[in-house]
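Thanks for taking a look at this one with me.

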Amino acid sequence: MQLSGRASRPAGRRAARQRAVELLYEAHLRGVEPAEVLSARVGSPDADPVPDYAITLVEGVAEHREHIDELLAEYAKGWTIERMPPVDLAVLRMGVFELLWAEDVPDPVAIDEAVSIAKMLSTDDSPRFVNGVLGRMATVADKLRSVL
């Protein structure tokens, strides 16, 4: 039963975003680089398929993680990276990457998608937290992009 009236798109961007968050979360929990998790999953007959856009997101987050984490530390008022729940951290890292580096994703879409994934995968408070952090960053996103 589909409540939205839209056809299910397993290979769509939302599914790719969710898969990217799962891979980023796994890498964090295992204490390994996201590329290691990604290489073990892509093409593996024992793992769910990894959509191309999920690969783009995971590689982008990995490439810019240091800068992303600096921004998160600055814009997540009252929170350090170490205190953030791992799922929220994975969602935020993906959201920041899309907000600042994914030129084909409008800022409101990057935020809405991150909030939606937080609703699916994390706590009741997580969507508001994710929205707040990414919303603060979005107000200065053009400035942030100009110094990347």
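1. Along the sequence, the chain reads α-α-α-α-α-α-α. That is seven helices and zero strands, where helices (H or I, at least four residues) and strands (E, at least two) are DSSP runs numbered from the N terminus.

2. A word on provenance: this is a predicted model, in which local features need pLDDT of at least 70 and side-chain atom pairs count only at pLDDT 80 or more, while totals for chains, interfaces and linings use all residues. Residues are numbered from 1 along each chain as its sequence is written, and side-chain values use heavy atoms, leaving out hydrogens and water.

3. On overall dimensions, the C-alpha trace spans about 40 × 40 × 30 Å along its principal axes. The radius of gyration is 15 Å, which agrees with the value near 15 Å for a compact globule of 148 residues (taken over C-alpha atoms; the globule rule is 2.2 Å times the number of residues to the power 0.38).

4. The UniProt record, an unreviewed entry, annotates residues 15-138 as "domain: NusB/RsmB/TIM44"; such annotations may be inferred rather than shown by experiment. In the model this span is 74% helix and 0% strand, and its end C-alpha atoms lie 23 Å apart.

5. How do α1 and α3 pack? Helix α1 (residues 13-30) and helix α3 (residues 52-75) have axes 8 Å apart, at an angle of about 40° (axes are lines fitted to C-alpha atoms over the stretch in contact, and angles run from 0 to 180 degrees between N-to-C directions). The two are therefore oblique to each other (under 35 degrees is roughly parallel, over 145 roughly antiparallel, 65 to 115 roughly perpendicular, the rest oblique). Contact (heavy atoms within 4.5 Å) involves, among others, Arg 13, Arg 17 and Arg 19 of α1 and Tyr 53 and Leu 57 of α3. The contact residues divide into nine nonpolar, no polar and three charged (Ala, Val, Leu, Ile, Met, Phe, Trp, Tyr, Cys and Pro are nonpolar, Asp, Glu, Lys and Arg charged, the others, Gly among them, polar).

6. Helices α4 (residues 86-101) and α5 (residues 107-121) come within 9 Å by their axes and cross at roughly 165°. That makes α4 roughly antiparallel to α5. Their contact includes Val 87, Met 94, Gly 95 and Glu 98 of α4, with Asp 107, Ile 111 and Leu 121 among the partners in α5. By class, the contact has ten nonpolar residues, one polar and two charged.
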